[in-house]
Structure formats: C-alpha cells, structure tokens
Amino acid sequence: MRYVVILLLAVSNLAISAPKTFVATPSGNWNVSGSWSPAGIPDATDDIIINSDVCTIPFGYSAVCASLTINGGSLTVLSTTAIAISGNFSMTGGTMTLGSTLTNNIPFPSVSGSISLTGGTVSYAAANNAQ
C-alpha cells in the first residue's frame, strides 16, 4: 500500500502540457505572457496554435516551441534568429511573413520534425530576403 501512495504522489507532480493558443491580448507579440492562453511565454515544451489572431516575433527575440500550428491569422517574424521548433510545423491557413521592409535575412523556421503546408501563405517581406 505504501508503494501505491508514493507512486500516486510522484505521478501527481508530473506536469501535463496543454497547447498554448495565441489570443493577442494585451499585445500581438510572441514574448508577452498575456498574449497566450494559458498565460505564459512559450518555451521549448509548448505546442503552439495560432488560429485567427496577429502574432509578431519582435526583432532580437529568439522564439522556441515543441510544435507550431498556424490555422489562420498571421505570424510575422522580425527576429533574425529562426524560430526553433523541436517537433512538427503545420500550416493550414493564414499567413507567415518573414521580415519587413526594415528587417532582412529572416530565416525559415528551424524544424526538427515534419513540415506540412496545406494552406495559407508564406512570404518574405523584404526584396532581398528570398531564401
């Protein structure tokens, strides 16, 4: 009986990760805790979902996540460091814009898993940014 109680205590301390959904409140920046539900800036263990909001990864910020799914809305990457995705990247709608007229050489996300682009648009904003 004592081993069962110890096992239950050990299991109850494990963190169960739920996906983080971008909700764009109070701002549209990736690195703002309140932009996510549940609240908190994503880390390498988070599965990220962007459904219909506008998300920006600001210049100088290195974004990481376990997986990234863009179903709609938009993701604009201004940072010159690629998004590091340790799992899969899926895009079924929306837009992903790499760079702006002021930021160049924005790399496509670094993806360790599979890439599935079945909808949406990926574009480079700056004229000399194509890779």
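This section describes the secondary structure, strand pairing, core, aromatic pairs and surface of a predicted model.

Local features were taken from this predicted model only at pLDDT of at least 70 and side-chain atom pairs only at pLDDT 80 or more, whereas totals for chains, interfaces and linings use all residues. Residues are numbered from 1 along each chain as its sequence is written, and side-chain values rest on heavy atoms, with hydrogens and water left out.

The protein contains one helix and 11 strands, these elements being DSSP runs numbered from the N terminus (helices, H or I, at least four residues; strands, E, at least two). The order from the N terminus is α-β-β-β-β-β-β-β-β-β-β-β. Of the 131 residues, 33% count as buried, where buried denotes under 20% relative accessible area, exposed over 50%, and partly exposed the range in between (1.4 Å probe, protein chains only).

Strands were taken as paired where DSSP finds at least two bridges between them. Strand β1 (residues 20-22) pairs with β3 in the parallel sense over two bridges, and K20 stands opposite I48 in β3. Strands β3 and β6 also run parallel and are joined by four bridges; here I49 is opposite T69 in β6. The covered face of β3 carries I48 and I50, and the uncovered face D47 and I49. In a regular strand the side chains alternate between the two faces of the sheet.

A separate description applies to the open sheet of three strands, which has the order β5-β8-β10 and parallel pairing. Its edge strands, β5 (64-65) and β10 (110-111), each pair on one side only. Strand β8 (residues 84-85) is joined to β10 by two bridges, with A84 opposite S110 in β10.

A nonpolar core is defined as a set of buried Ala, Val, Leu, Ile, Met, Phe, Trp, Tyr and Cys residues joined through side-chain atoms within 4.5 Å. The largest such core has 20 residues, of which W30, I50, L68, I70, L75 and I83 touch the most other members. Two or more residues each come from β3 (47-50), β4 (54-57), β6 (67-70), β7 (74-77) and β9. The most are given by β9, with four residues.

Rings of Phe, Tyr and Trp (its six-membered ring) were paired if their centres lie within 6.5 Å, and planes under 30 degrees apart were called stacked, over 60 edge-to-face and the rest tilted. W30 and W36 form an edge-to-face pair, at 5.2 Å centre to centre and 80 degrees between the planes; W30 and W36 are both buried. The F89 and F108 pair is likewise edge-to-face, because the ring centres are 6.0 Å apart and the planes lie at 70 degrees. F89 belongs to strand β9 (residues 89-98) and F108 to the loop between β9 and β10, so this pair ties together parts that are 19 residues apart in sequence. F89 is buried, with a relative accessible area of 0%, whereas F108, at 26% relative accessibility, counts as partly exposed. One aromatic cluster is formed by F22, W30 and W36.

The peptide bond from S37 to P38 is cis, with omega near -5 degrees. P38 lies in the loop between β2 (36-37) and β3. Most peptide bonds are trans.
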